[in-house]
Amino acid sequence: MTVAWSPISIPHITVQPDFPLDIGDVAAGKVPSASFWLSLYNHDGRPSNHIKVSVRRGAQGSMCLDAGDSAKVEFINGHSFALLNADGSRTIIRAPDLSFNVRQKINVLASSPGGELVVVGGDDGFLKIMDRGDGSVRRDLIGHVGDLTTVRFFPSGQVILSGATDMQLKIWGIDGSNPVTLKGHTRGICDSGIIDRGRNVVSCAKDGQVRLWESATGETIAIIGSESESLSAMSLGELSEGANDSTEGDREVGTSGKVLFVATDKGRVLGYNLGTKQQVLSLQSISKSPLTALHFEGHRKLLVIGSRDGLVELYDSKNTGTPIAAFRRNRAAICAVRILPAPTGDTVHLICVTAEGSCFECRVNQLESKIGGQLPTPHVTTEYVGADVEPLFGLDICGSQIMTGGREGVVRLYL
């Protein structure tokens, strides 16, 4: 019997983007009190709640937040506070620790392994290396003539891989040099991946192809998949133990034992053994809407996908018959999604950015999906705020640092 799984609806929390200014003014004694707005949107039939949060100093000089009978809130520090939920859980509302404006739409971004540099890509070939600390431009990377769709640092932190709608991938030095350009796709590049230290890279495009490249020469080693469906996102990881039966070719380094997942515009996820080049998985999403984001977490073999209609689905890649979780907060597209690393455990933390400007972290308990045949209800643990209803497209996680960027051109870092 086929079970029709219904996605869980989760609340959407928004806050006045500049609320730290109100807290700062009261803390500095500039004003005796201030206020900012907080909105809780429910999309499951329950009424939404629009709240005024007052800021003042307490009797002992400590900072106090008060929302009256509408909600319970707690001050944490000058750029974050907690919303106390009815079930006893807490949702942290966090403003960015650092931000800078590149004054161009941001499609993609990435932090160097050490965290000192940020590479930012946008429309019409806009691609810059910037200083994370002050947002100053270190290098303009000039060469793409299309919109940037993917950018990654090599593990050395000295080399960058980029791809764009101009059908090209480029390898850059952080000195601005472009020694290699990779050509072969017949439609725009959508995503890329770096294998181990970077002797080989992979890419997917709207032409339906997945290509394995030799970085030094820019030559295609293999076309791993050639689908009739347009591809939109990809993620690399380690194969399950005992699943590797491949031998690397002469020009391949590190492909053995790797798995590659790609998302399609028909709502499917396809998985390939990167060593054998054979397909090992085909998964149809619940909504069948075009997929817009995908991430594979290799330790626990978890796969998460996001769609154009706002649905997020979490699977065990070894058993994709039933999702671990499926949820949405509204119909805004999921532009990027990541599973936060954890070696073991039944609790999974996801971070999503969406086309209506939200970045949120939620927690899923895998054990709940095994109780009563119901999908678990994710708990939103943190809202990373700052964007004012402007789409977010880029997400990067480096250690404990979270970085976002979108249409308004602001890079926000949560440290």
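## Second largest pocket

In this predicted model, the lining of the second largest pocket comprises 10 nonpolar, 9 polar and 5 charged residues. The space in this pocket amounts to about 550 Å³. Its lining is formed by 24 residues, of which Pro-11, Leu-40, Arg-46, Asn-85 and Ala-86 are the closest to the pocket centre.

Two strands are represented in the lining of the second largest pocket: strand S7 (80-84) and strand S33 each contribute at least two residues.

## Thr-382 in strand S33

Strand S33 spans residues 379-384 and includes Thr-382. The relative accessible area of Thr-382 is 9%, so this residue is classed as buried, the cut-off being under 20%.

When neighbours within four places in sequence are set aside, the contacts of Thr-382 are Thr-91, Ile-92, Arg-94, Cys-359, Phe-360 and Glu-361.

## Glu-229 between strands S21 and S22

Glu-229 is located in the loop that connects strand S21 (219-226) with strand S22 (231-238). Because its relative accessibility is 10%, Glu-229 also counts as buried. Ala-205 is 24 residues away from Glu-229 along the chain, and the C-alpha atoms of the two residues lie 9.9 Å apart.

With neighbours within four places in sequence excluded, Glu-229 is in contact with Gly-208, Thr-264, Asp-265, Lys-266 and Arg-268. Two of these partners also form polar contacts with Glu-229 through their side chains: the side chain of Glu-229 meets that of Thr-264 at 2.6 Å, and a side-chain polar contact of 2.6 Å links Glu-229 to Arg-268.

Conventions: Residues are numbered from 1 along each chain as its sequence is written. This is a predicted model: local features need pLDDT of at least 70, side-chain atom pairs count only at pLDDT 80 or more; totals for chains, interfaces and linings use all residues. Side-chain values use heavy atoms; hydrogens and water are left out. Helices (H or I, at least four residues) and strands (E, at least two) are DSSP runs, numbered from the N terminus. Buried means under 20% relative accessible area, exposed over 50%, partly exposed in between (1.4 Å probe, protein chains only). Contact means heavy atoms within 4.5 Å. A polar contact is a pair of N or O atoms within 3.5 Å; within protein, one must be able to donate a hydrogen and the other to accept it, and residues adjacent in sequence count only if both atoms are side-chain atoms. On a 1 Å grid over the protein atoms alone, a cavity is a set of points where a 1.4 Å probe fits but cannot get out, and a pocket is an open set with protein on both sides within 12 Å along at least five of seven lines; lining residues have an atom within 4 Å of a point. Grid points are joined across faces, edges and corners, and a volume is the space filled by probe spheres set on the points. Ala, Val, Leu, Ile, Met, Phe, Trp, Tyr, Cys and Pro count as nonpolar, Asp, Glu, Lys and Arg as charged, and the others, Gly among them, as polar.
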